[in-house]
Amino acid sequence: MSFELLLAALGSCAVGLFIGWCGVAGFLLPILFVNACGLSVTESLLASFLCFAISGVIGSFQYHRRGELPLRPALILSAGSLAGGLLGAALGGLLEPETVKVVLYVVVLLSGVAIAFRELRPQRDSQNRDSFPGPLPLLALGFATALLCALSGAGGPVLVMPLLVALGVPAKTAVGVALLDSIFIALPAVAVYGSRCETLLALIPMLLAAALGHAAGVFAGSVTAARVPQSLLKRGVAVFSICFSLFMLLK
């Protein structure tokens, strides 16, 4: 068990670094917990969304402090995500574990493609940071992305950030908004998956190891983000996620 705890702490810390640096890679956590730590699908989703809540709090605080998180559109998006997260987690508990795994790998594949597509397009960070869609499109976007993320275990930023950028939001602002949004996806998912976890007490050491490792990684990543070549990191995550998800889907 101690080896699995070490893997959970180190793996969660590494993913947290990537999230702090570039806002993506959260979708790797469920894969880590299922394949390396031996958790069930329900247990892995609980641990993943607990980490996502932590990274959302730490990361969004750092972006807001730097003036890269406009609260009004972020809260509108998050309101839609709260409803979508509840529904997605509820539906996830009704599906067979193998079905949830397939959904997860498809989301990982789509996320990798979205990251690669964004990196291949010209950057548009010079646009006005207030170039957000209206309230209703933001609510719909929050609901749809949260539904998919809560169902599959993918972190919110990896889907929300590329979509916001495609809609005209500057990249750094999109990361900050997506990190705050991930809190509202994660909290209902933690409540739902936690209530369905039959081994919750036995899982506490694993949850603590993952949460502490992830918090340390996100904090270090968000503090040092300006010194890291983010484009190279994102491309690496995109290549890994596409190759891994294709391998898992086709094997």
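**How the helices meet**

Modeller: Helix α1 passes α9 in a right-handed crossing. Keep in mind that this is a predicted model.

Biologist: How do you know whether α1 and α9 are roughly parallel or oblique to each other?

Modeller: Start with the angle. The axes of α1 and α9 cross at roughly 30° and come within 6 Å. Angles under 35 degrees count as roughly parallel. The two helices, α1 and α9, are therefore roughly parallel to each other.

Biologist: Which residues of α1 and α9 meet?

Modeller: On the α1 side they include E4, L5, A8, S12, V15, G16 and G20. Among their partners in α9 are P205, M206, A209, G213, H214 and V218. By class, this contact of α1 with α9 has 14 nonpolar, 8 polar and 1 charged residues.

Biologist: What makes α2 and α3 oblique to each other?

Modeller: Helix α2 covers residues 28-35 and helix α3 covers residues 41-65. Their axes cross at roughly 140° and come within 9 Å. Roughly antiparallel needs an angle over 145, and roughly perpendicular runs from 65 to 115. The angle of α2 and α3 falls in the rest, so the pair is oblique. The crossing of α2 and α3 is right-handed.

Biologist: Which residues make the contact of α2 with α3?

Modeller: From α2 come L29, P30, F33 and V34. From α3 come V41, S44, A47, S48, C51 and F52. The residues of this contact divide into 8 nonpolar, 2 polar and no charged.

Biologist: How do α4 and α6 cross?

Modeller: The axes of α4 and helix α6, residues 135-152, cross at roughly 35° and come within 6 Å. The crossing of α4 past α6 is right-handed. The contact of α4 with α6 holds 17 nonpolar, 7 polar and 1 charged residues.

Biologist: Why is V15 called buried?

Modeller: V15 sits in helix α1, residues 2-22. Its relative accessible area is 7%. Buried means under 20%, so V15 is buried. Leaving aside neighbours within four places in sequence, V15 is in contact with A25, G26, L28, L29 and H214.

Biologist: How far apart are V15 and F244 in space?

Modeller: They are 16 Å apart, C-alpha to C-alpha, and 229 residues apart in sequence.

Biologist: A25 is one of the contacts of V15. Does A25 count as buried or exposed, and what value decides it?

Modeller: A25 lies in the loop between α1 and α2. Its relative accessibility is 1%. The cut-off for buried is under 20%, so A25 counts as buried.

Biologist: What makes G20 buried?

Modeller: G20 lies in helix α1. Its relative accessible area is 5%. That value is under 20%, so G20 is buried. Not counting residues up to four places away in sequence, G20 touches Y63, V218, G221, S222 and A225. G20 and P30 are 10 residues apart in sequence and 18 Å apart in space, C-alpha to C-alpha.

Biologist: Why does S78 count as buried?

Modeller: S78 is in helix α4, residues 71-92. Its relative accessibility is 0%. Under 20% means buried, so S78 has that label. Leaving aside neighbours within four places in sequence, S78 is in contact with L180, D181 and F184.

Biologist: And why is R66 called partly exposed?

Modeller: R66 lies in the loop between α3 and α4. Its relative accessibility is 39%. Buried is under 20% and exposed is over 50%. The value for R66 is in between, so R66 counts as partly exposed. The C-alpha atoms of R66 and G176 are separated by 9.8 Å, and the two are 110 residues apart along the chain.

**Confidence**

Biologist: Where in the protein chain is confidence lowest, and where is it highest?

Modeller: The lowest mean, 75, is in helix α5, residues 97-120. The highest, 93, is in helix α9, residues 200-223. Over residues 125-129 the pLDDT is below 50. That stretch has 11 contacts in the model beyond near neighbours in sequence. Where pLDDT is low, predicted coordinates should not be read in detail. The protein chain averages a pLDDT of 84, and 92% of the residues score at least 70.

Technical notes:
Residues are numbered from 1 along each chain as its sequence is written. This is a predicted model: local features need pLDDT of at least 70, side-chain atom pairs count only at pLDDT 80 or more; totals for chains, interfaces and linings use all residues. Side-chain values use heavy atoms; hydrogens and water are left out. Axes are lines fitted to C-alpha atoms, for helices over the stretch in contact, and angles run from 0 to 180 degrees between N-to-C directions. Helices (H or I, at least four residues) and strands (E, at least two) are DSSP runs, numbered from the N terminus. A crossing is left-handed if the near helix is turned anticlockwise from the far one by less than a right angle, and right-handed if clockwise. Contact means heavy atoms within 4.5 Å. Ala, Val, Leu, Ile, Met, Phe, Trp, Tyr, Cys and Pro count as nonpolar, Asp, Glu, Lys and Arg as charged, and the others, Gly among them, as polar. pLDDT is the predictor's confidence in each residue, from 0 to 100. Buried means under 20% relative accessible area, exposed over 50%, partly exposed in between (1.4 Å probe, protein chains only).
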